[in-house]
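Me: I would like to learn how to read a structure file of this kind, feature by feature. Please take the general idea before the case.

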Amino acid sequence: MPSSTRRKPNFSPRRDDTEKPSTTATHKPSSRPTVTTISVVTSIFVYLLCWFGAPAFTDAMDVPEATGVVRVLCIGALIDGLSAPVAQLMNREFRQGLRLFVDLSNLIVTTGLTVTLAATGHGAWSLAWGQIAGNAVSSLVLFALSHKWPRLGFDRQQARELIMFGLPLAGASL
């Protein structure tokens, strides 16, 4: 058969237009501010839980002097609350090249700062501040490269749909 009349195989994924995706609530671009708000509120709750739980945790680990270090690490929950919705959107869109730059920026900043602080005698604080700096820088790189900065907002109906969809998944991952 001549090459001009040969059918080329189509390897793109097919989806029946009548099929309703199971993640309808997360596919609405207009729901991003509501998702971000829920994420930030949840991260504030986690941050406070970690902050106030740090003394008990460090006492249980028999290193009560590490309470301050653990509390600095809690800041990561706040940063993640802002960046998680955009990061998951990039994952869903298979933007792996972008994720590579984000993850590399985290690695470079975290490792560079941690090693520098450790070499200058800052001990465990080196790990905490290196992690937070890497987390913050990689979040900024994510926002800049994706052109999707966090936006807060709240729509009660969207929030209800998102929570009804996400709560069982969150519970299952515990």
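## Reading the model

Me: How many salt bridges are there?

Reply: The general idea is that side chains of opposite charge can pair when their charged atoms come close. This is a predicted model, and the count of salt bridges in it comes to 2.

Me: Which residue forms a salt bridge with Asp103?

Reply: Arg99 is the partner of Asp103, with the closest N and O atoms 3.6 Å apart. The two are 4 residues apart in helix H3 (residues 96–119), so about one helical turn separates them. Arg99 counts as buried at 19% relative accessibility, and the cut-off for buried is under 20%. Asp103, at 43%, counts as partly exposed.

Me: Which residue forms a salt bridge with Arg95?

Reply: Glu93 does, and the closest N and O atoms of this pair are 4.0 Å apart. Arg95 is partly exposed, with a relative accessible area of 30%. Glu93 is also counted as partly exposed, at 38% relative accessibility.

Me: Next, the aromatic rings. How many aromatic pairs does the structure hold?

Reply: For ring pairs, the angle between planes sets the class: under 30 degrees is stacked, over 60 is edge-to-face, and the rest are tilted. The structure holds 2 aromatic pairs. In one of them, Tyr47 and Trp51 have ring centres 6.1 Å apart and planes at 35°, so the pair is tilted. Tyr47 and Trp51 are 4 residues apart in helix H1 (residues 32–60), which means about one helical turn between them. Tyr47 counts as buried at 18% relative accessibility, whereas Trp51 is partly exposed at 29%.

Reply: Phe143 and Trp149 also pair, with ring centres 5.5 Å apart and planes at 45°, so this pair is tilted. Phe143 is buried at 5% relative accessibility, while Trp149 is partly exposed at 46%.

Me: Which residue lies over the face of Trp51?

Reply: Arg71 does, at 4.3 Å from the ring centre. Trp51 thus has Arg71 over its face and Tyr47 as its ring partner.

Me: Where is confidence lowest and where is it highest among the helices?

Reply: The general idea is that where pLDDT is low, the predicted coordinates should not be read in detail. The protein chain averages a pLDDT of 85, and 83% of the residues score at least 70. Helix H4 (residues 124–146) has the highest mean, at 97, and helix H5 (residues 156–172) the lowest, at 85.

Me: Over which residues does pLDDT stay under 50?

Reply: Residues 8–27. For this stretch the model has 11 contacts beyond four places in sequence.

Methods
Residues numbered from 1 in each chain as written. Predicted model: local features only at pLDDT ≥ 70, side-chain atom pairs only at ≥ 80, totals over all residues. Heavy atoms only, no water. pLDDT = per-residue confidence, 0-100. Contact = heavy atoms within 4.5 Å. Salt bridge = Lys/Arg side-chain N within 4 Å of Asp/Glu carboxyl O. Buried < 20%, exposed > 50% of the residue type's maximum accessible area, 1.4 Å probe, protein only. Phe/Tyr/Trp six-rings, centres within 6.5 Å; stacked < 30°, edge-to-face > 60°. Lys NZ or Arg CZ within 6 Å of the ring centre and 35° of its normal.
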